[in-house]
Amino acid sequence: MIDKLKIITEKHIEANKENYEELKKYKLIKDILIQKDCFLNMSIEYAYSILRDLQIPENEIKNVYTQLISQNER
């Protein structure tokens, strides 16, 4: 799942090359996603915010978050 989020982030970076504020946001998300166990080391609110920024549909956010933290526990 984290790999899918990295791909989504790269697409947003590419799409926002001309929009400095959005580009900065997605580059920060990219840096966060590189960190080991990143979703285990942040609050649920912050994690949900990242998923919303990556335009994960609202009805899927809880499921995606659950997958991310359960993958990291293995």
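**Salt bridges and their helical setting**

Guide: Lys36 and Asp37 form a salt bridge in which the closest N and O atoms are 3.9 Å apart; the term requires a side-chain nitrogen of Lys or Arg within 4 Å of a carboxyl oxygen of Asp or Glu. The model is predicted, so local features need pLDDT of at least 70 and side-chain atom pairs count only at pLDDT 80 or more, while totals for chains, interfaces and linings use all residues. Residues are numbered from 1 along each chain as its sequence is written, and side-chain values use heavy atoms, with hydrogens and water left out.

Lys36 has 70% relative accessibility and therefore counts as exposed, whereas Asp37, at 22%, counts as partly exposed (buried is under 20% relative accessible area, exposed over 50%, partly exposed in between, with a 1.4 Å probe and protein chains only).

The search of the whole structure finds six salt bridges. One of them joins the side chains of Lys30 and Glu10, with N to O at 3.0 Å. Because Lys30 lies in helix H2 and Glu10 in helix H1, this pair ties together parts that are 20 residues apart in sequence (helices are DSSP runs of H or I with at least four residues, numbered from the N terminus). Both partners are partly exposed: Lys30 at 33% relative accessibility and Glu10 at 35%.

The axes of H1 (residues 2–15) and H2 (residues 20–34) come within 9 Å and cross at roughly 160°; axes are lines fitted to C-alpha atoms over the stretch in contact, and angles between N-to-C directions run from 0 to 180 degrees. H1 and H2 are therefore roughly antiparallel, a label for angles over 145 degrees. The contact (heavy atoms within 4.5 Å) is made on the H1 side by Ile2, Leu5, Lys6, Thr9, Glu10, His12 and Ile13, and on the H2 side by Leu23, Tyr26, Lys27, Ile29, Lys30 and Leu33.

Asp53 lies in helix H3 (residues 44–53) and Lys25 in H2, so that the pair links distant parts of the chain, 28 residues apart. Asp53 is partly exposed, with a relative accessible area of 24%, and Lys25 is likewise partly exposed, at 26%. Together with Glu22, Lys25 and Asp53 are linked in a network of salt bridges.

Methods. Helix = DSSP H or I, 4+ residues; strand = E, 2+ residues; numbered from the N terminus. Parallel < 35°, antiparallel > 145°, perpendicular 65-115°, else oblique.
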